[in-house]
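Thanks for coming. I will show one structure and talk through it. Please keep it in view while I speak.

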Amino acid sequence: MKYIIDRIENDIAICQNPESKEVIEVDIEELSQEAKEGSVIILEDGKYIIDKKEEMKIRKRIEDKMNKIWI
């Protein structure tokens, strides 16, 4: 399952599946120290890992949209 960290509240990461819109709460201790708002995480073998490649694709898509609006 793929999730995007929407926000971090106290010690809980509020994450949303971009396809199903399902929202889950993940204890921040289960995530890498690199995890932040906007990070894409994948649940594999019971562990959450950061998918930097997918995160970069999403950031690029957002950047392209912003450039179309402002240019």
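Asn 17 touches Met 1, Lys 2, Tyr 3 and Glu 22, leaving aside residues up to four places away in sequence; a contact here means heavy atoms within 4.5 Å. Asn 17 itself lies in the loop between β2 (12–16) and β3. Helices (H or I, at least four residues) and strands (E, at least two) are DSSP runs, numbered from the N terminus. Is Asn 17 buried or exposed? Asn 17 is buried, with a relative accessible area of 5%. On this scale buried means under 20% relative accessible area, exposed means over 50%, and partly exposed is in between, with a 1.4 Å probe and protein chains only.

Before going on, a note on where this comes from. This is a predicted model, in which local features need pLDDT of at least 70 and side-chain atom pairs count only at pLDDT 80 or more, while totals for chains, interfaces and linings use all residues. Residues are numbered from 1 along each chain as its sequence is written, and side-chain values use heavy atoms, with hydrogens and water left out.

Now the chain as a whole. The protein chain has one helix and five strands, and along the sequence the pattern reads β-β-β-β-β-α. Its C-alpha trace spans about 40 × 25 × 25 Å along the principal axes. Of the 71 residues in the protein chain, 25% are buried. Take the contacts between residues at least 6 apart in sequence: 28% of them join residues at least 24 apart. The accessible surface of the protein chain is about 5600 Å², and 50% of that belongs to carbon and sulfur atoms. Accessible areas come from the Shrake-Rupley method with a 1.4 Å probe, and for residues only the protein chains shown count as cover.

Next, charge. There are 13 positive and 18 negative side chains in the protein chain, and the centres of the two sets lie 10 Å apart. Lys and Arg count as positive and Asp and Glu as negative, with His and the chain ends not counted. The place of a charge is taken as NZ of Lys, CZ of Arg, CG of Asp or CD of Glu.

Side chains of opposite charge can pair when their charged atoms come close. How many salt bridges does a search of the whole structure find? The search finds eight, a salt bridge being a side-chain nitrogen of Lys or Arg within 4 Å of a carboxyl oxygen of Asp or Glu.

I will go through some of them. Glu 34 and Lys 52 form a salt bridge at 2.8 Å, N to O. Glu 34 lies in the loop between β3 and β4 and Lys 52 in helix α1, so this pair ties together parts that are 18 residues apart in sequence. Glu 34 is partly exposed, at 47% relative accessible area.

Lys 57 and Glu 54 also meet in a salt bridge, at 3.4 Å, N to O. Both lie in helix α1, three residues apart, about one turn of the helix. Lys 57 is exposed, with a relative accessible area of 52%, whereas Glu 54 is buried at 16%. Lys 2, Glu 54 and Lys 57 are linked in a network of salt bridges.

Glu 55 and Arg 59 make another salt bridge, at 3.2 Å, N to O. They are four residues apart in helix α1, and so are separated by about one helical turn. Glu 55 is buried, at 7% relative accessibility, while Arg 59 is partly exposed, at 38%.

What else does Arg 59 touch, not counting residues up to four places away in sequence? Arg 59 touches Lys 36, Glu 37 and Gly 38. The C-alpha atoms of Arg 59 and Ser 39, 20 residues apart along the chain, are separated by 9.9 Å.

Last, the surface patches. Patches are made of residues with over 30% relative accessible area and no salt bridge: like charges are joined within 9 Å, and nonpolar side chains (Val, Leu, Ile, Met, Phe, Trp, Tyr) within 5 Å.

Asp 11, Asp 27, Glu 29 and Glu 30 form a patch of negative charge on the surface. Glu 30 is placed in the loop between β3 (23–27) and β4 (40–44), and is partly exposed, with a relative accessible area of 46%.

The nonpolar patch on the surface consists of Ile 62, Met 66, Ile 69 and Trp 70, with about 490 Å² of accessible area together. Ile 69 is found in helix α1 (residues 52–70) and counts as exposed, at 59% relative accessibility.
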